[in-house]
Amino acid sequence: MKNKFDSLELGQFIPLHYHHNMLNDSARMNSFKEAINWVVKPGAKVLELGGGTGVQSFFAAQKADKVYCVERNPELVEAARDLLAKNINGDKVEVIQADAMHYLPPEPVDVVICEMLHTGLLREKQMPVIDSFKQRYLEKFGGPLPVFVPEASIQAIQPLQQNFHFEDFYAPTILFQNPYSTQERSKSLGDPEVFQLLSYEEPFSQTCAYDGEILITEDGQLNALRLITKNILSINMTAGSTVDWHTQYIVFPLAAPIQVCKGDQVSIRFSYQGGAPLKALSDALEVRHVSQRVSISQFALDMMNLTMTFQPQTADQAGVL
Ligand SMILES: C[S@@+](CC[C@H](N)C(=O)[O-])C[C@H]1O[C@@H](n2cnc3c(N)ncnc32)[C@H](O)[C@@H]1O
C-alpha cells in the first residue's frame, strides 16, 4: 500500500481482525464451501484472487492438486501462510503477494475463486479484476476460460419505506441489512426489480445501471431504495440447482421522500461503474413519481366535470362518454 489514498481507493484493504467476521458468517462460509466442493474436481488447479485468510483456498485444496492464492495486503499474506500451515492440505496452497489486477498463474487453471463481492458490486473490485483477468488469461493461455466462483451476480432494487428515527434522532443515512433476517424498520413498497444479470464467464460491461419504472404495491412514504445483490456461487446443471449467497442489503435514503399509493409508478434511474464508492450510486440516483393510480371515485368525478365542460355534440359521443 503506497499511501492512505491508495488504501481508500482500494476500498477493500480489510484489516485482519475484520476477516474474523467473514469467517464467522455461516451463510457465506457454508455457501462457498458447498460451491467450491462442487466445482473443484479431484486433481484440479485453482486460482484464488483476493485470498484474505486463505479460507477459500483451503476449501479448494481438499480436492485440488494445486491452489494459487493471490493477496495484495502483506498483513493478510503473512496470516494466510501461517493459517494454511496449521490446516490439512494447506501445503497445496501457494500464497502469492501480488495485485490481482496484474497477476496470472504460471499454468492454466480449472477454477478461479474471487470473493471481492460487495453489494451493488460497489467498492470492491470484483468486476474490473475478473474482466482484466479474462483478457490477460486468454492472451497467455487461449481458451477455454476456467469456471468462476461465483459464476454470476444478479442485482435488484426495491422501493422502501425505512424508519430512520433513532430515539427521536432523525438520521437518513446509508445502512446495511442482514438479508437472512426480518427487517422491522423497513416496509417494502414494491417487489425487487432486477436490473443486472452478470455472468462472469461472458463478456460484461463494467457499468451497473437502471432506467425504468417500478410499480408501487403498498401505500407509504417512499424514502429509500434497497439494493440487493445475489451471487450464484455455482450451478449444478445435473441437479438443476444453484448455490447462492446474498451480500448484505444496502439501503440508500432518498434526498426527497415521495408519498406513494398502491398502483403508482415511480421512475428510477442510476448508473455507476463496478468497484466505485457507494457515493457513486447515491450521487447518480434519480427517483420520480411518474403516474398515480386513479381511484374509481376520482375517475367518476373527473368524467362528470369533463361532461359538463365539453358537452357532446351527438348522441353517439354521449354514449361513448
Ligand atoms: C472480501 S475479502 C475475501 C477474503 C477471502 N477470499 C475470503 O473469502 O474470506 C477480499 C480480499 O481481497 C483482497 N484484495 C483486494 N484487492 C486486491 C487486489 N487488487 N489484489 C489482490 N488481493 C486483493 C483484500 O485484501 C481481501 O483480503
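This is a predicted model: local features need pLDDT of at least 70, side-chain atom pairs count only at pLDDT 80 or more; totals for chains, interfaces and linings use all residues.
In which sense do strand E1 and strand E2 pair, and over how many bridges? I checked: E1 (residues 45-49) and E2 (residues 66-71) run parallel, joined by five bridges. For pairing I take at least two DSSP bridges between two strands; strands are DSSP E runs of at least two residues and helices H or I runs of at least four, numbered from the N terminus. Across from glutamate 48 sits cysteine 69 of E2.

Numbering starts from 1 along each chain as its sequence is written.

Next I looked at the whole sheet. Five strands make an open, parallel sheet, ordered E3-E2-E1-E4-E5.

Then the helices. H3 (residues 26-39) packs on the sheet and touches E4 (111-114) and E5, at about 170° to E5. H6 (residues 126-141) also packs there, touching E1, E4 and E5, at about 160° to E4. Angles run from 0 to 180 degrees between N-to-C directions of axes fitted to C-alpha atoms, for helices over the stretch in contact.

Last, alanine 60. Beyond neighbours within four places in sequence, I find alanine 60 in contact (C-beta atoms, placed from the backbone, within 7 Å) with Ile36, Val40, Val46, Glu48, Val67, Val111 and Ile113.

Note on methods: Two residues are in contact if their C-beta atoms, placed from the backbone, lie within 7 Å.
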